[in-house]
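I opened this one to see how its chains meet and what sits inside them. My notes follow in the order I looked things up.

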Amino acid sequence: MSDVKQEAATVAPTVAVMDQLPDASIQGQSPLFHADLATVAKNGPKTGGVTFKEEALMGQITLRLNAENAEQLKAAEKALGVALPTQPLTSVVKGEVSVRWMSPDEWLIVVPGLKAFEVESALHAELSGHYQVVNISGGWTIFKLSGANVVDVLKKSTIVDVHPSVFPVGKVVSTTFAKSSAIIRRSGESEFELVVRRSFSDYLWLWIQDASREFGLVVEA
Amino acid sequence: MSQKNRLQSGGRIDRSKPLTFTYNGKQFEGFAGDTLASALLANGVDIIGRSFKYSRPRGIVAAGAEEPNAVMQLGATEATQVPNVRATQQELFSGLVSGSTNGWPSVDNDIMGLLGKVGGKMMPPGFYYKTFMYPATMWETYEKVIRKAAGLGRSPNEYDPDTYDKVNQHADLVVVGAGPAGLIAALTAARGGARVIIADEQNEFGGSLLSSKESVDGKAAGAWVAGVVKELEANENVIVLPRSTVNGYHDHNFLTIHQRMTDHIADRAPNGQVRQRYHRVRSKWVVLATGAHERPLVFGNNDVPGCMVANAVSTYINRYGVVPGNELVLMTTNDNAYRTAIDWHDAGRKVQAIVDTRKNPTGALVEAARERGITVMTGSAVIDVQGSKRVTGVSVAPISEDGSKVTGSVKKLSADTVASSGGWSPVIHLSCHTGSKPVWNEDVLGFLPGKTVQKQLTAGAINGTFNTAGALEEGKKAGLEALSKLGLSAVEVEVPATTEVKESKAMALFHVPHTKPTSQAPKQFVDYQNDVTAAGIELACREGFESIEHVKRYTAMGFGTDQGKLGNINGMAVAAKVLNQTIPQTGTTIFRPNYTPITFGAIAGRDCGALFDPERYSAMHKWHLENGAKFEDVGQWKRPWYFPKAGESMQEALNRECLATRESIGILDASTLGKIDIQGKDAREFLGRVYSNAWAKLPVGKCRYGLMLKEDGMVFDDGVTSCLAENHFLMTTTSGGAATVLNWLEFYHQTEWPELEVYFTSVTDHWATMTISGPNSRKLLEELIDGDVDVSKDSFKFMDWKPMSVAGVPARVFRISFTGELSFEINVQANYGLHVWEKLFEHGAKYDLTPYGTETMHILRAEKGFIIAGQDTDGSVHPYDLGMGWAVSMNKPFSFIGKRGMQREDCVRAERKQMVGIKTIDPNVVLPEGAQAVFDPTASIPMPMVGHISSSYWSACLGRSVALGFVKGGLDKMGEKVYYPLVDGRIVEAEICSPIFLDPKGERQNV
Amino acid sequence: MFYIYCPYCGEHREEEEFHNHGQAHIERPADPDSCTDEEWGNYMFFRKSPKGLHHEIWDHVAGCRKFFNVTRDTVTYEIKEVYKMGEQPKVVAE
Ligand SMILES: [Zn+2]
């Protein structure tokens, strides 16, 4: 194995990989940076039917490979420390790593922001053949929605059935959300994670505030 | 007593809670539990509007959704106006303000009434078609008068202050209607563990039981209903929706429900509450338990206030404690309606007679009426009504056994109320919505739901099962069947006991004969809302309209907001009689969504105001806002359009931005460009197939511009794609085309060339992109680069890209240019975009770094003759039309998308419209985009048009206008004249030239 | 509003998540350059519009982004069958 790797290092890389993060002196600004959620959280209500939190600056990586290729699956598992979920619409969580099934040949890997390059590199180191690894951390953010009325807000926003009998904890779907879209994962009985696109995040934040109004919205920083 | 028709006791109203309301400016009092209609009747209000065409006074006819006349305008303020509300469905609340919709200028004295009095001759069916169609120029005038006279109500002129929303529901079973059949179906399914939604348009569940004196399960019907509702509400898998009309039944068991949440409480929703909710429901199965509407009979002057549907009279008495008159004449074709006369009699008022059209009725109810001493006139009919603003009497005559003619002398009776019943029409509307054709049933004397592909069950009166015992039995059966279809186990549900009433056979009579032929008899109304009479339908048939669908359109029967709920079947019966055929031979009746009118508020939900359409922002949006940008919509993106300084006009700002860029340095937020990460060993091959030019040999570190064509050879998108590594490319697309292009690539990969090893992932949002452009841009970049990266002319050439750190942030910098100037496109992870952007300004101040927006970008590129896909292309131009043959590689081994299409006869002919530069002879004239080109401005109109202007601007850098446009054979007409006749009459003379107005050799960008 | 089974996601989803891409089983000619104008015209422009069974391509655009085939009755709007790209329909018109 080590011979093969050495050989690979001598030829030009077939894909360009770059650590895209600056050093810690430069603070990243999440898609909802402008909303100043810390102040909203401090001044806003402390109780309500719905709680909102932006899990800002997480690392997101898209992984494409052939799920019927056992070697690739093994390599990905080695790099991630957890096997890729191959059952449609499922996810796995292990420690700081969570992996969402997106499509038969696509997964979304979420890790702490500072770990993204490490995981990206590990995937490149382990995988061979036809695959794609793309760091998309700047393009997405994660909204965490929870509370007694979280399902009521989701029912106003998305067309998928979120009843626990068909949407158990761990299920993940890509679907429409209001007039935009989201990758929705049930992370608890009454807790959901929405992975949303950066450019739509302000619209979705406005939407969630409006849809939650009748239940009371608590913002956590 | 103010409520002169109110009974001292009885009904489901609360006499301890009086409510004050306003109708047509006058104050009245009703009770909690009333509808607006029952309260008006309690107060003896006879006229609630004027008719559509003849402007005749009209009163309340029915008690539910089928009411054709009592259509009200509600709202205490301008902002809360709601038109088209049926008074029979509006619950009374304190402070309710209502008014007649029909009857401009006043219901009691109407100028249109004059027209009505002159009579039907003046306004026969098809009147609008025949009279108002010509001359067309007068239509606007007619329309204003007719629309107003037609009384369609009016929408508010101010913003609705209330909140409406939409909810997506999923269910195992939706039960429509909470009468006895629906209730027991829902109960059965819920006990079996199904996820159930039960909806009913009324404020209380119970349906027919609410206005009946029957006992169920040995107790008052209401008590049984309350018990069932309690059990349903306690079940967490059941959603109970009162005041909720299932308005539409769509494909694949999708239903829409309009729920009115606070309309019964106040004029405006109490603070924080949602006024109305629109449920969008996907259900595995559906039980339609929608009941039936009683049909009135068609007889002379049957629209005079006081003429009502029999069951409605019973409802007002039993449910609301209101007897809407003093002297009743009941005309019926069946036993069932005898209840109305009995209820009237038992309420202590006078029943003049029951006029039964049958020769020898014998049922239990007939006996019960006779026992009470009520006169029953058999084999007779009410053929005419006296009175104008209220019934004063009726003409009764014996009729033949088949109901076709009057057989004896006419007798007059005094009466102020005429209740009539021609039997019951099952409410099959929802079943019709999905395209199912209803079927006539001779026993029911009505249409039943037809064959359907929906997962639909039916129970109760919709099946023609009009007795409570039968409805309960069918409801239980439907509930059990749903459970079995859903794969759930059957459960025990006991059908409660009811009292059986023996009824004798009903008579099939719809249109009551008169001593005169229909055309000369007093008006016999079929459709109250649209003023369609039996004579009108006969005339339509005689004029050659034989299909009932044509008759309906010609006469407007069933085209009101009530959709002909009361009139359609009577109308078909009239047509069938004239055409000498049966009702099923005449046709069927199809109902379409919505079942009753729905507010725009409920349809819009929260998709209004700031949430009407998503606004997409780049990572630098906050800076743009703080620096006074004016924005332009590009797709859903808000892009800076230009950045005016205080006091600057738009043109002044553009001039400044353009000059600053050409003279020093400008900066553009280009983050909205679509970006696609492409990886795989066949990535190059794939690019070669989807772009018109060659990609096989593009070296790592290089960028290339490409045109994307459709199979027909026409340009649909363009952009620069860069080779990041041997098997790794970054494609850019237009801002508006990002999603379309990604989809296009996936489509070809998944459906045509799955064997190619390539993956595509969108990275549009991941990268913040800023372009610095102008002679000083290298100096600024060099200042911000960390470490030792050479960006000099020779080591960082035009169309190169390099990774480097800019302002401390890892970046990919592309030396590409859309302005013709020395330019660098800096891409950083979007969370650091604003940081780098601000650092550029910190260091760029000394160069007067100037932000510019899309408009300056457009001007600068037009000076260079660069196209904008979507502005200079419209799906009908191929690369050669654009003079961009250099971007086509005909020698590629694979026949790329668009190659074959471009070689079609039409694509290779001479004299195609080709893109050229257009220089106006007067340099100060800026041609409007879209201006049409002609070669001969003296040609007679219509002049032969030879092209148009696609881009046109004032160029501050050149001190003149520049334009790009299409001209027939333009590429071979350099230096020739072309003319643009404008809408204001001017003709602008111009010269055809190269589209490259500035720096044709490209020296400015190669520095 | 259709309710469409995505063969990749393995469940029914609302129509809003999908995009119709027209008639299925139209293969791009292997050698377009040797097609006559008529052959190329047929490939590009001519489409069936049957009353009854129709095979269409749909794209689960808001979901897994996979294309697949749907056999739909254009009269009743019933979906008779859903099958992956490259597969042949089992339900076909007489
Ligand atoms: Zn899918």
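**Chain C against chain B**

I started with one pair: C:Asp33 forms a salt bridge with B:Lys899, with the closest N and O atoms 2.9 Å apart. I'm counting a salt bridge when a side-chain nitrogen of Lys or Arg is within 4 Å of a carboxyl oxygen of Asp or Glu. Between chain C and chain B the count is 6 salt bridges.

A note on ground rules: this is a predicted model, where local features need pLDDT of at least 70 and side-chain atom pairs count only at pLDDT 80 or more, while totals for chains, interfaces and linings use all residues. Residues are numbered from 1 along each chain as its sequence is written, chains are lettered from A and ligands numbered from 1 in the order in which they are written, and side-chain values use heavy atoms, with hydrogens and water left out.

Next I asked how many residues each chain brings to the contact. I found 29 residues from chain C and 28 residues from chain B, contact being heavy atoms within 4.5 Å. I then looked up the buried area, about 2,500 Å², with carbon and sulfur atoms giving 48%. That is the accessible area (1.4 Å probe) that two parts lose on being put together, summed over both. On the chain C side, C:Met1, C:Arg28 and C:Arg65 lose the most area to chain B, together 26% of what that side buries.

**Chain B against chain A**

Here 60 residues of chain B are in contact with 55 residues of chain A. The buried area comes to about 4,900 Å², and carbon and sulfur atoms give 55% of that. In chain B, the residues losing the most area to chain A are B:Arg606, B:Tyr759 and B:Asn831, together 16% of what that side buries.

I counted 5 salt bridges between chain B and chain A. I looked at A:Glu214 and B:Arg277, whose side chains meet in a salt bridge at 2.6 Å, N to O.

**Inside the chains**

Which residues touch the most other members of the largest nonpolar core? They are A:Leu123 and A:Leu194, in a core of 64 residues. Such a core is a set of buried Ala, Val, Leu, Ile, Met, Phe, Trp, Tyr and Cys residues joined through side-chain atoms within 4.5 Å, where buried means under 20% relative accessible area (1.4 Å probe, protein chains only).

Leaving aside neighbours within four places in sequence, I find A:Leu194 in contact with residues including A:Phe143, A:Phe177 and A:Ile208.

Conventions:
Buried means under 20% relative accessible area, exposed over 50%, partly exposed in between (1.4 Å probe, protein chains only).
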